[in-house]
Amino acid sequence: MRVLFAGTPQVAVPSLDRIVHAGFEVVGVLTRPDAPLGRKRVLTPSPVAARAEELGLPVIRAARITDEVVAQLAAWSPQVAAIVAYGGIVPPSALSVPAHGWVNLHFSLLPAWRGAAPLQYSVIHGDEVVGASTFRLEEGLDTGPVYGTLALTPEPEATSGDLFAELAVSGAELLCQTLSGIDAGRLEPRPQAGEPTFAPKLTLEDGRIDWTQPALAVHRRARGVTPEPGAWTLLEGQRIKLEPPRMRPDVEGLEPGHLAWAGKVPVVGTGTHALELTRVQPAGKKMMAAADWARGAGNIEGTVLG
């Protein structure tokens with residue numbers, strides 16, 4: 001079966017590899033344009049573009065799927081399109097190009113967490129089970145019928161980044177099985193069942209920690225926004241980035257946002273018990289152990305994060 005692959009970030013690369021290694025004829029790859037990265041803002045291919053070029057596959061770079069792009073895709077004559085985190089809307093004119101449509105690998109158990117940040121919201125909301133779904137793309141936001149799902153129980157300290165890394169591999173297998181089922185004519189999608197929830201794109205402000213929230217809520221948010229957009233707080237008006245803190249239910253009575261020492265490690269108060277800071281990145285510096293930062297900051301007792 002002739003497959004068009006669409007995707008952009010690293011999380012999509014295992015799917016491209018799996019489809020190629022399964023023997024499908026990947027006729028071309030659609031990805032986002034090269035983007036400036038690093039302090040020097042060097043134009044850099046997307047991870048999918050880089051991998052496609054290593055595999056010798058033709059690549060179209062497009063921020064939007066215009067009529068011209070649709071014509072280029074149609075020229076490849078794909079029978080199906082597999083899409084994983086491409087990062088753009090697929091218009092109706094493109095949806096109709098492959099006879100079997102577009103099969104989307106989405107990192108939630110649909111209809112839960114439709115949108116751009118499904119795993120992040122799963123972690124923030126404390127879902128006991130997370131997963132991935134393959135579904136047929138249609139005009140609505142992640143509303144199409146589902147081909148298959150997989151589920152896993154996240155570890156208590158897992159970040160959204162950890163879960164993306166795990167589900168990128170198992171999800172690639174699910175996507176490949178879905179394509180095989182479609183190719184064999186034995187797999188039909190079923191309508192989504194249940195009340196949908198939504199996961200819009202996270203902003204930098206979504207990573208700001210509200211220390212007045214219960215410790216569990218803060219812990220979940222910090223893990224959910226790691227690595228992107230990242231957890232952070234303010235100290236004397238300066239933004240400090242945070243790696244997810246640890247739960248410290250043994251430390252109570254500390255006011256929200258107030259720093260203190262618990263033995264040799266710094267802790268911060270929340271709306272319930274304290275959290276232990278693990279690693280922090282002050283403005284203009286590298287990420288460092290929180291204890292080293294706190295010792296260098298002098299007397300942290302009474303210091304307030306906000």
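**Exercise 1.** Which residues of helix H7 (residues 215–224) are buried, and what do they pack against?

*Solution.* Step 1: the buried residues of H7 are Ala-215, Val-218, His-219, Ala-222, Arg-223 and Gly-224, where buried means under 20% relative accessible area with a 1.4 Å probe and protein chains only. Helices (H or I, at least four residues) and strands (E, at least two) are DSSP runs, numbered from the N terminus. Step 2: an α-helix has 3.6 residues a turn, so residues three or four places apart point the same way. Step 3: the buried residues of H7 pack against H5, H6, strand E10 (231–235), E12 and E15, with contact meaning heavy atoms within 4.5 Å.

This is a predicted model, in which local features need pLDDT of at least 70 and side-chain atom pairs count only at pLDDT 80 or more, while totals for chains, interfaces and linings use all residues. Residues are numbered from 1 along each chain as its sequence is written, and side-chain values use heavy atoms, with hydrogens and water left out.

**Exercise 2.** Describe strand E10 and its pairing with strand E11 (residues 238–242).

*Solution.* Step 1: E10 is largely enclosed by the rest of the structure, because four of its five residues are buried. Step 2: five bridges link E10 and E11 in the antiparallel sense; two strands pair if DSSP finds at least two bridges between them. Step 3: Leu-234 stands opposite Arg-239 in E11. Step 4: the hairpin of E10 and E11 has two residues between the strands, and Glu-236 takes a positive phi near 55 degrees there.

**Exercise 3.** In what order do the four strands of the open sheet lie, and which are the edge strands?

*Solution.* Step 1: the order is E12-E15-E14-E13, with antiparallel pairing. Step 2: strand E12 (246–248) and strand E13 (259–262) are the edge strands, as each pairs on one side only. Step 3: from one strand to the next, the twist averages 40 degrees, where axes are lines fitted to C-alpha atoms and angles run from 0 to 180 degrees between N-to-C directions. Step 4: within this sheet, strand E14 (residues 265–268) and strand E15 (residues 274–276) run antiparallel and are joined by two bridges. Val-268 stands opposite Leu-275 in E15.

Note on methods
Buried means under 20% relative accessible area, exposed over 50%, partly exposed in between (1.4 Å probe, protein chains only).
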